[in-house]
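Subject: The structure for you to look at

Hi,

Here is the structure I said I would pass on.

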Amino acid sequence: KSSDIDVLIVGAGAAGMMCAIEAGKRGRRVRVIDHARAPGEKIRISGGGRCNFTNLGTSGANFLGENPRFALSALRRFTQHDFIKMVDRHGIAWHEKTLGQLFCDDSAKQIIRMLTDEMKAAGVALSLGVGVKTVERAGERFQVDLDDGSRVTAASLVVATGGKSIPKMGATGWGYEVARRFGLRVTDTRPALVPLTFEPGLLEQLKPLAGVSVDAVVRHKAPKEAGPGRPAKETVFREGLLFTHRGLSGPSILQISSYWREGEAITVDLAPGRDAAAEILAAKTENGKQAVHTAVGHVVPRRLAEALCARENLSGKLAEVGDKKLRALAEAVNAWTVKPVGSEGYRTAEVTLGGVDTAALDQQTMEAKTVPGLFFIGEVADVTGWLGGYNFQWAWSSGWAAGQSC
Ligand code: FAD
């Protein structure tokens, strides 16, 4: 069986569905296919089931990539406020949780429902449980053979297959293969927004801390000439940090993981805004009989205080410990420098850093400059947002932009 349409979109995720809606509204004959059994599976599990669908403060500064300015055009044409209007039109209640992050009051499924309803209204055909076998260029059109034995020819082919994170949910590197096949460069890809892991020795020391969480400031500085998309400036995040049985997690660590590379250190302030040295030395003056870990326990949670004292080999009373050692202990609180060995990988990463080289794409339309009719939107492109709703906003904005011209 073969069919001839205007736009074939591969991937019924956030970006693919947004693109389909917009192209459908323009009267295009649009079909979206996905090998998954349901559309928007990542939307469903996002934000703990409530989908952090955008961020009020979205700007170009919240994105990484070899050309971080690439995203600006689409982000300005379809903004966070445009998406909020859409959500409001569908009567979906939402709230700001923290740092401009907007979540559904009830369920992420409402966002999926909104998108599938809009696709229906725009006359878009959605085929689930269908993958692509081959893609060929046939003159000005694309000839795509699907694994259900059918053939589709289309004037535009939109690749919206996302990144490699959470392979268990159907993530593939297929979009990158298509890009390479058509001569487009793909930048190095790696797991991002991902927990970081420690070497066994350090893990052993920090084992008792699994489950402890603190407010933290996490810093990272890329070395000079670290490569494209990695400016040698310090990146700083102040958000929660969680000790795990494999290393560190929590929002501040996920954020910094997008900037960090193997072999590099991060610096962690476990008591932001507090001067641990001043507080511990004052405690020593006031009450030298106090146990060292008790004094530190006034600055950070007790379990953390105990682990830090054990690691620095400090037991006994404050009066028995020299100021120099107490200062070193305080430094471990306010400026703990640590070298993670790796990350938990694509199994738990929220996104993929890197992707289809944005230099090969038109920033207004997401169309490949050298292959008319071929579009790359959402996470498959080399645009990666911070944690906090930015990745979905990029999916909506880039999907919308492609939807205006495919
Ligand atoms: P996806 O949403 O990944 O969609 C790609 C689609 O393509 C999928 O449906 C997949 O089945 C399909 N596909 C892949 N390969 C093929 C193929 N070969 N053939 C056919 N179909 C294929 N971002 C936020 O902004 N806020 C959040 O709260 C948030 N929470 C997250 C929580 C988790 C656990 C994870 C993993 C990610 C989260 N993200 C969040 C990131 C966000 O989900 C992604 O950035 C976003 O979904 C990317 O949209 P996309 O449309 O590009 O790709």
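First, some ground rules. This is a predicted model, so local features need pLDDT of at least 70 and side-chain atom pairs count only at pLDDT 80 or more, while totals for chains, interfaces and linings use all residues. Residues are numbered from 1 along each chain as its sequence is written, and side-chain values use heavy atoms, leaving out hydrogens and water.

The whole protein

The secondary structure comes to 13 helices and 21 strands. (Both are DSSP runs, numbered from the N terminus: helices are H or I with at least four residues, strands are E with at least two.) The C-alpha atoms fill a box of roughly 85 × 45 × 35 Å along the principal axes. Of the 406 residues, 56% are buried, meaning under 20% relative accessible area with a 1.4 Å probe, protein chains only. Take the contacts (heavy atoms within 4.5 Å) between residues at least 6 apart in sequence: 73% of them join residues at least 24 apart.

The ligand

Which residues come nearest to the ligand? They are Ala15, Asp34, Asn52, Thr172 and Phe392, out of 30 residues around the ligand; to be counted, a residue needs a heavy atom within 4 Å. Three helices, α1 (14–25), α2 (41–45) and α13 (390–403), each supply at least two residues of this shell, and α13 gives the most, with four.

Now zoom in on some polar contacts, which are pairs of N or O atoms within 3.5 Å.
- Asp34 has a polar side-chain atom 2.5 Å from a ligand oxygen.
- Phe392 uses a backbone N or O atom, at 2.8 Å from a ligand oxygen.
- Gly389 also uses a backbone N or O atom, at 3.5 Å from a ligand oxygen.

On its own the ligand has 990 Å² of accessible area (Shrake-Rupley method, 1.4 Å probe), and the protein covers 92% of that.

Helix α11

Last stop: α11, which runs over residues 302–311. Its buried residues are Leu304, Ala305, Ala307, Leu308 and Cys309. An α-helix has 3.6 residues a turn, so residues three or four places apart point the same way.

Cheers

Technical notes:
Buried means under 20% relative accessible area, exposed over 50%, partly exposed in between (1.4 Å probe, protein chains only). A polar contact is a pair of N or O atoms within 3.5 Å; within protein, one must be able to donate a hydrogen and the other to accept it, and residues adjacent in sequence count only if both atoms are side-chain atoms.
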